[in-house]
Amino acid sequence: MSRSGHSLIWLTMLCGLQTAPALAAERGTLRQDTVLMSAPYRDATTAGDLKQNTTVTIQERRGAWLRVRSDAKDAKDGWVRLHLVRIGEGAEKKTATGESLGMLWSVGQTGRSGAQGVVATTGIRGFDAEALRTAKPNPQAVQSMDGFSANSDSATAHARSVGLKAQQVEFLPNPTE
Amino acid sequence: MLTISLFMSASTALAFRFDTDALKSMGDKLKQLKPVSEKDEIALGKGIAANLTGAAPLVNDAALQRYVNQIGMWLAMHTDRPNLPWRFGVLDDMMVNAFATPGGYVFITRGLLMQCRDEAELAGILAHEISHVTARHALETMRKGAVAGLAGDVLGEYAKSKGHEGYSKLVNAGTEIYTRGLDKEDEFAADRVGAVIAARAGYDPYGLPSVLQTVASINPQSDAVALMFKTHPNTAERVEKVLVAMDGRLDKYSEQPKLQNRFAQVMQAHVAAYKPAKR
Ligand SMILES: [Zn+2]
């Protein structure tokens, strides 16, 4: 089985098939026993239930909801809250060493199999606390960032070119206060 | 002890010795500290950014860097600090993380960028980081001396003298925050504000909880998430909390664009031309 549903998105894209419903391939595992809803609303009618650790295919994402479908013959299909699904298949296992998040595009070449949904390890030392404590400052890199910077005109054009529309939205209150 | 290790690790290591009396007097001074000027804030942030880019180089891909800057600037324009000299950078590192320094330097690692499904998820991450800047979370953490009793005092001294040595001390004290993390409540607040900024900028604001949910699915024992998980509250808890805060308030913006196609095009081009940066 492929190492993760998530990487399949990229595989699909990299094969030039980005018009395919890329997210359809994404797989997940239920974090707990879950009641499925027939629509992405809290007061929707229920559409069955699934046990913890059930593997599902993620069909659709809408707001705080995922539409999932179980693998079983009597496949159940319904909406669950986003946080109830872990991306990837199977029970969480210890890190499979040698796999790197960034190598998603090479999955096809290496044909490796991952035991868990989203595997993230690095063979080389990455950006950790020690690397930061011992870092030699690189002011030239910071200076070079000026060359990539945007201004409000360019940013507005970049946003408008794909139909992003600014909205007036109030800040959210802290629910625990 | 914390303070000592902080300065000993810095390149400008100086032997700081202090006793409890000195700490107490600093505590008194902190209460009178004036807010830091925006100019000093930017100078401090620039120094911290140099330390961050010293730990991991920028991705050697101008098109990708420009793309992230366009999105970041568009988001920043929907905050109360649109005129900061906002700079965005992708760090060539497979660790999953993002950072923001005072004054508007925002970084995302390539490792985290690769986890994003679409532009709305990337925007959610950038907006979270932008919120740390606009709310001056790192700066206030320093000022309150939460990282090191001395930091606030150094900040005051620097404001007076502007000396090079004071600056270095301050930058190194500030950098320490990025290994320890901010207050949990600052993180939850940045999630809530980040979702709002994304909605204001016209994105599906569920990009942030969506990518957080992916990060929450990464094995916590993976090296790639060690620093991020150490410096942030539990990711699954973040997802739940931000969803609760968004409920009934941001749902109506969930049909705004996710921009999966534009993101895919940029990432395809990036992946095809990728050459690891020199360390
Ligand atoms: Zn944060």
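I started with the sheet in chain B of this predicted model. It is an open sheet of 3 strands in the order β1-β3-β2, and the pairing is mixed. Which strands stand at the edges? I found β1 (87-91) and β2 (98-101) of chain B there, each with a single partner strand, so one side of each has no neighbour in the sheet. From one strand to the next, the twist averages 15°.

Next I looked at one pairing. β2(B) and strand β3 (residues 105-109) of chain B run antiparallel and pair over 4 bridges.

Helix α3 (residues 38-55) of chain B lies across β1, β2 and β3 of chain B. I read its angle to β3(B) as about 20°.

The chain has 14 helices and 3 strands. Of its 279 residues, 66% count as buried. I also looked at contacts with a separation of 6 or more: residues 24 or more positions apart account for 75% of them in chain B. The accessible surface of chain B is about 9,900 Å², and carbon and sulfur atoms hold 53% of that.

Metal site next. Which residues coordinate the zinc ion? I listed H128(B) through NE2, H132(B) through NE2 and E187(B) through OE, at 2.0 to 2.1 Å. Along the chain, the donors follow the spacing H-x3-H-x54-E. H128(B) and H132(B) sit in helix α6 (residues 119-134) of chain B; being 4 residues apart, they are separated by about one helical turn.

I counted 22 salt bridges over all chains.

In chain B I picked D204(B) with K258(B), whose closest N and O atoms are 2.7 Å apart. This pair links distant parts of the chain, 54 residues apart. D204(B) is in the loop between α10 (184-200) and α11 (207-216) of chain B, and K258(B) is in the loop between α13 (235-246) and α14 (260-273) of chain B. Are the two partners buried or exposed? D204(B) counts as buried because its relative accessibility is 2%, under the 20% limit. K258(B), at 25%, counts as partly exposed.

In chain A I looked up D71(A), which bridges to R27(A) with the closest N and O atoms 2.9 Å apart. D71(A) lies in the loop between β5 (65-70) and β6 (77-81) of chain A, and R27(A) in strand β1 (residues 27-30) of chain A, so the pair ties together parts 44 residues apart in sequence. D71(A) is partly exposed at 46% relative accessibility. R27(A) is buried at 13%.

A local pair followed. R133(A) forms a salt bridge with E130(A), the closest N and O atoms being 3.9 Å apart. Both lie in helix α3 (residues 129-133) of chain A, 3 residues apart, about one turn of the helix. R133(A) is partly exposed at 30%, and E130(A) is partly exposed at 39%.

Which residues does it link? Salt bridges connect E60(A), R62(A), R67(A), R69(A) and D77(A).

Definitions and conventions. Residues numbered from 1 in each chain as written. Chains lettered and ligands numbered in written order. Predicted model: local features only at pLDDT ≥ 70, side-chain atom pairs only at ≥ 80, totals over all residues. Heavy atoms only, no water. Salt bridge = Lys/Arg side-chain N within 4 Å of Asp/Glu carboxyl O. Helix = DSSP H or I, 4+ residues; strand = E, 2+ residues; numbered from the N terminus. Buried < 20%, exposed > 50% of the residue type's maximum accessible area, 1.4 Å probe, protein only. Donors = N, O, S within 2.8 Å, 3.2 Å for Na, K, Ca; no water. Contact = heavy atoms within 4.5 Å. Areas by Shrake-Rupley, 256 points an atom, 1.4 Å probe, with all protein chains shown as cover. Pairing = 2+ DSSP bridges. Axes fitted to C-alpha atoms, helices over the stretch in contact; angles between N-to-C directions.
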